[in-house]
Number of protein chains: 2
Amino acid sequence: MLFFTQCFGAVLDLIHLRFQHYKAKRVFSAAGQLVCVVNPTHSLKYAPTRCAAVQTSTEQGVLPPCHHHEAVHDPQLVPCTCPLFSCPWEGHLEVVVSHLRQTHRINILQGAEIVFLATDMHLPAPTDWFIMHSCLGHQFLLVLRKQEKYEGHPQFFATMMLIGTPTQADNFTYRLELNRNQRRLKWEATPRSVLECVDSVISDGDCLVLNTSLAQLFSDNGSLAIGIAITTSKVHNAEAEM
Amino acid sequence: MLFFTQCFGAVLDLIHLRFQHYKAKRVFSAAGQLVCVVNPTHSLKYAPTRCAAVQTSTEQGVLPPCHHHEAVHDPQLVPCTCPLFSCPWEGHLEVVVSHLRQTHRINILQGAEIVFLATDMHLPAPTDWFIMHSCLGHQFLLVLRKQEKYEGHPQFFATMMLIGTPTQADNFTYRLELNRNQRRLKWEATPRSVLECVDSVISDGDCLVLNTSLAQLFSDNGSLAIGIAITTSKVHNAEAEM
């Protein structure tokens with residue numbers, strides 16, 4: 001009897017642990033595809049000056065320090081690579097992933113195809129949703145941003161950045177897909193490097209852009225599911241050459 | 001010698017005729033796919049009142065006469081089905097195609113997959129581009145509209161309408177595809193019926209929407225190529241059931 005009670009207790013503990021794990025990571029698998037529930041981050045600050053500095057310096061092959069840092073560092077030694085705007089962190093490209101995980105608690109998911117489920121789409125702009133995606137030996141950052149480019153008319157912008165150099169980014173193609181209510185919208189492009197500014201990608205509109213009405217059509221109960229897939233573009237080039 | 005001169009003359013005539021034919025229809029085939037060059041139509045008038053009237057009446061299953069007509073007609077005898085706003089024409093659904101061809105000189109193209117090449121994308125809003133597409137025993141109307149939903153910020157809206165009833169439209173799926181500069185954007189949806197108002201589809205944003213910057217990225221020398229494909233959605237339903 002004691003044995004059965006202990007067994008039952010152990011099973012309950014396991015269920016509880018499993019639930020805790022789910023609650024902590026908010027990641028679950030549905031219909032064979034990895035679905036990640038992503039909560040929004042309210043963006044406090046958008047400083048366009050930093051973007052301009054990053055763009056100019058990246059063109060020259062030099063990585064600048066953050067604009068809002070008082071101390072002047074050697075730009076080649078301490079590049080500023082955190083793509084989140086309100087963050088004053090500086091560090092090498094190699095440690096961006098651990099910084100995003102530890103400081104910003106951004107989840108990292110493995111797998112060729114995942115579903116990014118952004119919650120609370122109704123929240124006022126500016127709001128960001130982030131997830132990291134580990135695939136084909138590299139880490140990618142998906143950014144979904146709600147922003148008012150035109151006052152009073154918020155739009156959603158989604159893009160994928162490689163946590164790597166622009167040359168490395170050229171080897172990949174990412175696909176974002178929305179599918180609901182007998183409508184399907186697909187965006188395919190080469191990811192940008194996090195060394196280029198995510199804000200400039202969004203202000204250029206060179207990403208998946210959704211009006212509020214279209215975002216509502218694709219949303220279910222205030223959440224937007226975006227299917228993500230990454231492939232190597234080298235394969236396509238080889239096919240084209242053949 | 002005379003024989004050769006005549007032969008050469010005949011060849012020249014044939015070339016000239018061929019050129020005239022191309023110039024008149026402005027339709028040519030490139031890489032096995034039918035490409036149709038579509039010139040813009042400057043829209044003079046957008047009267048939202050008509051849309052509201054059409055929507056309400058279609059919900060009740062009754063087709064109203066045009067709002068801007070002075071005479072009051074029996075709505076079931078003389079439905080207003082011309083989707084072009086500045087046109088005061090009234091007529092039955094069965095004669096819409098011939099009206100669009102004869103009065104508005106809208107080309108009709110045959111084939112499962114065609115390319116719609118809209119020229120002069122830089123023209124100020126409001127501007128429309130139209131083409132009719134004959135496929136799977138039905139006629140469809142592709143509408144590309146440049147419109148300023150937010151003042152000073154023109155956007156492009158593309159949708160496909162079936163020249164038929166809403167019930168008939170439910171049997172089809174249309175796909176619009178843009179592909180250029182290592183970027184690809186695909187929109188798939190059920191076509192709307194021309195009995196529903198094209199203006200309301202566009203104001204609802206339930207179509208392919210492009211910001212000016214994205215339209216420029218997909219344009220080549222001021223022209224935007226949109227790949228169009230239509231399929232029967234019954235096949236998909238049957239697959240889903242299996």
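In which loop of chain A does R105(A) lie?

Reply: This is a predicted model. R105(A) lies in the loop between α3 (96-102) and β4 (108-110) of chain A. Its phi is near 50°, a positive value in a residue other than glycine. Most residues other than glycine have a negative phi, and most peptide bonds are trans.

The peptide bonds hold exceptions too. In chain A, a cis bond joins A125(A) and P126(A), with omega about -5°. P126(A) sits in the loop between β5 (113-118) and β6 (127-135) of chain A. In chain B, A125(B) and P126(B) are likewise joined by a cis bond. Here omega is about 0°. P126(B) has its place in the loop between β5 (113-118) and β6 (127-135) of chain B.

Now the relation of the chains.

Next, the contact itself. Chain A puts 24 residues in contact with 24 residues of chain B. Of the interface residues of chain A, 100% are also interface residues in chain B, so the copies meet through the same surface. The size of an interface is often given as the accessible area lost when the parts come together. Chain A and chain B bury about 2100 Å² between them. Carbon and sulfur atoms hold 48% of that area.

The polar side can be counted. Two salt bridges link chain A and chain B. One of them pairs the side chains of D206(A) and R183(B), at 2.6 Å from N to O. Seven residue pairs are in polar contact between the chains, both residues at pLDDT 80 or more.

Which elements supply this surface? Those of chain A that give two or more residues to the side touching chain B are β8 (153-162), β10 (183-189), β12 (208-211) and α6 (212-218). β10(A) gives the most, with seven residues. By class, this side of chain A has 10 nonpolar, seven polar and seven charged residues.

Last, the annotation. An unreviewed UniProt entry places "domain: Seven-in-absentia protein TRAF-like" at residues 134-228 of chain A. That span is 19% helix and 58% strand. Its end C-alpha atoms lie 12 Å apart.

Definitions and conventions
Residues are numbered from 1 along each chain as its sequence is written. Chains are lettered from A and ligands numbered from 1 in the order in which they are written. This is a predicted model: local features need pLDDT of at least 70, side-chain atom pairs count only at pLDDT 80 or more; totals for chains, interfaces and linings use all residues. Side-chain values use heavy atoms; hydrogens and water are left out. UniProt positions are given in the numbering used here, feature names are shortened, and annotations may be inferred rather than shown by experiment. Helices (H or I, at least four residues) and strands (E, at least two) are DSSP runs, numbered from the N terminus. Contact means heavy atoms within 4.5 Å. Buried area is the accessible area (1.4 Å probe) that two parts lose on being put together, summed over both. A salt bridge is a side-chain nitrogen of Lys or Arg within 4 Å of a carboxyl oxygen of Asp or Glu. A polar contact is a pair of N or O atoms within 3.5 Å; within protein, one must be able to donate a hydrogen and the other to accept it, and residues adjacent in sequence count only if both atoms are side-chain atoms. Ala, Val, Leu, Ile, Met, Phe, Trp, Tyr, Cys and Pro count as nonpolar, Asp, Glu, Lys and Arg as charged, and the others, Gly among them, as polar.
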